[in-house]
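Subject: Structure for you to look at

Hello,

Here is the structure I promised to pass on. Please open it next to this email, and read my notes on it below.

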Amino acid sequence: MLKKIVLAVLVALPMMVSAQTVKIGLVDTQAVMTVLPSYTEAQTKLETIAKQYEEASKNLQTELQRLYEEYQQLGKDALPAIRERKEQDIVECEQKIQSFNQKAREDLGKQQETLMSPIIANVQSAIQSVGKEGGYAIIQELGAVYYYGAPAEDITPAVKAKLGVK
């Protein structure tokens with residue numbers, strides 16, 4: 001008798017497990033982030049910093065152009081030491097420009113990370129909170145999903161509401 005009960009449970013168990021559905025949520029994090037005031041503020045700061053670096057880079061390019069024009073204006077009878085000095089000035093200016101542009105890119109990347117990290121963490125926290133409250137087993141980025149066989153729910157509005165934005 002006990003064997004029959006155990007056998008019946010073993011047969012029914014896979015059917016009960018497969019009857020449960022997995023709740024899947026989809027979220028468009030870009031749509032959430034772009035409506036956050038802190039994101040807009042961070043983007044404005046990054047644009048200001050980028051413009052400052054761009055202006056400084058243009059000034060260096062202008063300086064290089066001036067040095068190159070001076071070099072071209074040297075006559076054929078210019079002394080070799082003067083010609084070499086002008087060439088060296090051009091090379092040094094080119095190196096300065098390359099170094100500056102590299103440092104500017106690195107700093108801009110650091111600034112972006114510094115400004116965006118708290119925003120990303122805040123959005124992730126809201127997603128996790130909505131996931132726990134809604135009983136979602138999986139929450140996936142909306143843009144990365146091509147197909148799901150199970151029904152999925154867009155939780156973007158719930159995440160925005162959790163963050164207090166529309």
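Buried means under 20% relative accessible area, exposed means over 50%, and partly exposed is in between (1.4 Å probe, protein chains only). The buried residues of α3 are Tyr39, Ala42, Leu46, Ile49, Ser57, Leu60, Leu64, Leu67 and Tyr71.

Some notes on the source. This is a predicted model, in which local features need pLDDT of at least 70 and side-chain atom pairs count only at pLDDT 80 or more, while totals for chains, interfaces and linings use all residues. Residues are numbered from 1 along each chain as its sequence is written, and side-chain values use heavy atoms, with hydrogens and water left out.

Overall layout

The protein has five helices and three strands. Both kinds of element are DSSP runs numbered from the N terminus: helices are H or I with at least four residues, and strands are E with at least two. From the N terminus on, the order of elements is α-β-α-α-α-β-β-α. Of the 166 residues of the protein, 22% count as buried. Among contacts between residues at least 6 apart in sequence, 80% join residues at least 24 apart. Contact here means heavy atoms within 4.5 Å.

Along helix α3

Does the length of α3 agree or disagree with what its residue count predicts? At 1.5 Å a residue, its 37 residues should span 54 Å, and the end C-alpha atoms are 54 Å apart, which agrees. The expected span is 1.5 Å times one less than the number of residues.

- Ser57, in helix α3, counts as buried at 14% relative accessibility. Ser57 touches Phe100 and Asn101.
- Leu67, also a residue of helix α3, has a relative accessibility of 9% and counts as buried. Leu67 touches Asp89, Ile90 and Cys93. The C-alpha atoms of Leu67 and Cys93 are separated by 8.5 Å, although the two residues are 26 apart along the chain.
- Tyr71 has its place in helix α3 and is in contact with Arg83, Lys86, Glu87 and Ile90. Between Tyr71 and Arg85, 14 residues apart along the chain, the C-alpha separation is 9.5 Å.

Aromatic rings

A pair of aromatic rings is described by the distance of the centres and the angle of the planes. Rings of Phe, Tyr and Trp (its six-membered ring) pair if their centres lie within 6.5 Å; planes under 30 degrees apart count as stacked, over 60 as edge-to-face and the rest as tilted. By this rule the count comes to one aromatic pair. The rings of Tyr53 and Phe100 have centres 5.9 Å apart and planes at 65°, so this pair is edge-to-face. Because Tyr53 lies in helix α3 (residues 37–73) and Phe100 in helix α4 (residues 80–134), the pair ties together parts that are 47 residues apart in sequence. Tyr53 is partly exposed, with a relative accessible area of 24%, and Phe100 is partly exposed at 22%.

There is also a charge over a ring: the charged end of Lys23 sits over the ring of Tyr136, 4.7 Å from its centre. The rule for this is NZ of Lys or CZ of Arg within 6 Å of the ring centre and within 35 degrees of the ring normal.

The sheet

Strands of a sheet pair through backbone hydrogen bonds, either parallel or antiparallel. In this protein an open sheet of three strands has the order β2-β1-β3, with parallel pairing. The edge strands are β2 (138–141) and β3 (152–154), each pairing on one side only. Two strands pair if DSSP finds at least two bridges between them. Strand β1 (residues 24–27) and β2 pair over four bridges, and three bridges join β1 to β3. In β2, Ile138 stands opposite Ile24 and Glu141 stands opposite Val27. In β3, Glu153 stands opposite Gly25.

What is the state of the two faces of β1? Both are covered: Ile24 and Leu26 on one side and Gly25 and Val27 on the other are all buried.

Regards

Note on methods: Lists of a residue's contacts leave out its neighbours within four places in sequence.
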